[in-house]
Amino acid sequence: MQSKGFWFSIVLALIGYGIIEFLISSSALNPFYVNTLFFMGINIILAVSLHLIIGITGQFSIGHAGFLAVGAYASAIFTMKLHLPFGVGLLAGGIAAAAAGLIIGIPSLRLKGDYLAIATLGFGEIVRIVFLNFQYVGGASGMQVSHLATWSWVFFSLLATIIVITNFTNSTHGRACISIRENEIASDAMGINTTYYKVIAFAIGSFFAGIAGGLYAHNFYIIQPTNFGFLKSFDILIFVVLGGLGSMSGAVIAAILLTIISTFLQDYPETRMIFYSLVLIVTMLYRPQGLMGTKEITQLFTKRSRTEGGKSDGKHTAA
């Protein structure tokens with residue numbers, strides 16, 4: 001049943017992709033809405049990748065914008081400086097971000113809680129300052145990048161992110177990460193190599209953040225270090241917290257909702273931040289577990305079908 005549901009979801013996603021691709025190619029969609037779709041897809045990739053680190057493994061990271069920046073600049077260097085195909089640049093951005101994740105992850109993931117958050121925040125700021133003073137990529141004035149991202153690249157990158165992280169979560173490795181989230185001391189006592197699994201989750205999340213960075217760079221024509229400050233990390237963190245720690249569906253829903261709200265309030269940045277603050281306050285007061293808690297949207301349908309199929313026929317058996 002789970003396999004059928006998985007393939008049904010893939011078919012639905014491909015149908016949605018085909019419809020949107022037709023609307024874009026026929027110019028039926030306004031460029032504003034096309035750009036909103038692209039930005040929504042990038043934000044979903046970022047939310048899902050951070051969901052693996054925070055929601056599944058329980059590691060409080062607030063330096064995700066650093067991996068986004070590494071992926072953006074690495075892919076831009078490969079396409080604009082080395083004149084390689086966009087696909088190669090996108091993959092290079094993901095690999096560079098994963099390497100950065102390993103570099104910061106191996107020493108830092110021995111830390112816990114607030115200490116890890118401070119370390120990852122420091123990493124994000126270091127990355128921003130390095131690019132700010134690196135004239136090869138334009139320094140503070142930024143780097144001009146060709147618009148190479150298409151709906152197909154965004155969609156299939158998003159689909160690959162969701163499939164890989166879903167399968168990782170449902171594997172024995174994913175269950176080890178969940179056990180670390182629930183009780184790291186108990187997991188260590190049971191023989192689970194907690195540092196190894198935290199680093200693996202960090203590297204996978206960083207890789208897909210780098211992919212999102214490559215799409216981001218080649219969609220907005222210019223990238224600047226100011227685009228990757230710590231506030232960007234908090235924006236991504238809000239997607240995960242609002243959706244529900246431990247729920248990929250929640251992270252996706254929150255990313256979609258907040259992207260739409262942010263896009264339509266972009267002319268009023270102060271209002272947008274006030275709205276964000278109000279949403280977080282109301283959520284923490286009335287639903288601290290987030291929109292979906294730790295549940296996935298597919299579980300709602302599974303529970304319903306089990307309830308309908310499990311009605312009593314009036315006969316009882318004794319074990």
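A polar contact is a pair of N or O atoms within 3.5 Å; within protein, one must be able to donate a hydrogen and the other to accept it, and residues adjacent in sequence count only if both atoms are side-chain atoms. The model is predicted, so local features need pLDDT of at least 70 and side-chain atom pairs count only at pLDDT 80 or more, while totals for chains, interfaces and linings use all residues. Residues are numbered from 1 along each chain as its sequence is written, and side-chain values use heavy atoms, with hydrogens and water left out.

**Exercise 1. Find where Thr 57 lies, and work out which backbone oxygen its side chain reaches.**

Step 1. Start with the place: Thr 57 sits in the loop between α2 (31-56) and α3 (64-81). Helices (H or I, at least four residues) and strands (E, at least two) are DSSP runs, numbered from the N terminus.

Step 2. With a relative accessible area of 1%, Thr 57 is buried (buried means under 20% relative accessible area, exposed over 50%, partly exposed in between, with a 1.4 Å probe and protein chains only).

Step 3. Now follow the side chain of Thr 57: it reaches the backbone oxygen of Leu 52 at 3.0 Å.

Step 4. Finally, list contacts (heavy atoms within 4.5 Å). Leaving aside neighbours within four places in sequence, Thr 57 is in contact with residues including Cys 177, Ile 180 and Lys 198.

**Exercise 2. Describe how α4 and α9 meet.**

Step 1. Recall what is needed: two packed helices are described by the angle between their axes and the distance between the axes.

Step 2. The axes of α4 (residues 86-108) and α9 (residues 194-217) come within 7 Å and cross at roughly 145°. Axes are lines fitted to C-alpha atoms, for helices over the stretch in contact, and angles run from 0 to 180 degrees between N-to-C directions.

**Exercise 3. Which residues touch the most other members of the largest nonpolar core?**

Step 1. A nonpolar core is a set of buried Ala, Val, Leu, Ile, Met, Phe, Trp, Tyr and Cys residues joined through side-chain atoms within 4.5 Å.

Step 2. Of the 78 residues in the largest one, Phe 67, Leu 215, Ile 223 and Phe 228 touch the most other members. The element that gives the most to this core is α2, with 15 residues.

Step 3. Zoom in on Phe 67: not counting residues up to four places away in sequence, it touches, among others, Ala 97, Ile 104, Phe 123 and Phe 202.

**Exercise 4. Where is Ser 27 found, and what is its phi?**

Step 1. Ser 27 is in the loop between α1 (2-25) and α2.

Step 2. Ser 27 has a positive phi of about 60° although it is not a glycine.
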